[in-house]
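Trainee: I'm new to this one. Could you show it to me and walk me through the terms?

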Amino acid sequence: MDDGTVVANLVYGGTLMIGGVMLLILSVSLVITLLLAGVAQTMVSIAKLGAKVFVYRPVHSTAEATATDHVRSAVVAKADAILAAARTEVPARAKAPAERAPLTLAYSDRTGPFTGTQPLVKAG
């Protein structure tokens, strides 16, 4: 073998060895990183689970239940009152046309473009 071939073999062999060692180091570091991330995620999950287990949840007392029942009955009573008032107003609104107040234009001097809608009116 001549000197050029020996040098070329040494260079190629060294390149392969250095590349192989670097690939091994990168693979090992990737595996270690994944293991550490998995362990950290497991610890976080356990901590969250432990936090859920030890959260203080007060027991609902009967006083709170009666308070919500009281509020519910008050809301129902208010709704009944509104409906009763609406039913008594219906005959008052059904007046004859002569008894109604005349309607006037809200903007009598307005001469805007024709839009195809009704003019603005207000109850007199």
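Mentor: Accessible areas come from the Shrake-Rupley method with a 1.4 Å probe, and for residues only the protein chains shown count as cover. For the protein chain that gives about 11500 Å², with 71% of this surface belonging to carbon and sulfur atoms. Keep in mind that this is a predicted model: local features need pLDDT of at least 70, side-chain atom pairs count only at pLDDT 80 or more, and totals for chains, interfaces and linings use all residues. Residues are numbered from 1 along each chain as its sequence is written, and side-chain values use heavy atoms, leaving out hydrogens and water.

Trainee: How many helices and strands does the protein chain have?

Mentor: There are 2 helices and 2 strands, in the order α-α-β-β from the N terminus. Helices (H or I, at least four residues) and strands (E, at least two) are DSSP runs, numbered from the N terminus.

Trainee: Why does Met1 count as exposed?

Mentor: Exposed means over 50% relative accessible area, buried under 20%, and partly exposed in between (1.4 Å probe, protein chains only). Met1 has 80% relative accessibility, so it counts as exposed. Met1 sits in the segment before helix 1.

Trainee: And why is Leu36 called exposed?

Mentor: Leu36 comes to 56% relative accessibility, so it is exposed too. Leu36 belongs to helix 1 (residues 3-53).

Trainee: What percentage of the residues of the protein chain count as buried?

Mentor: Of its 124 residues, 0% count as buried.
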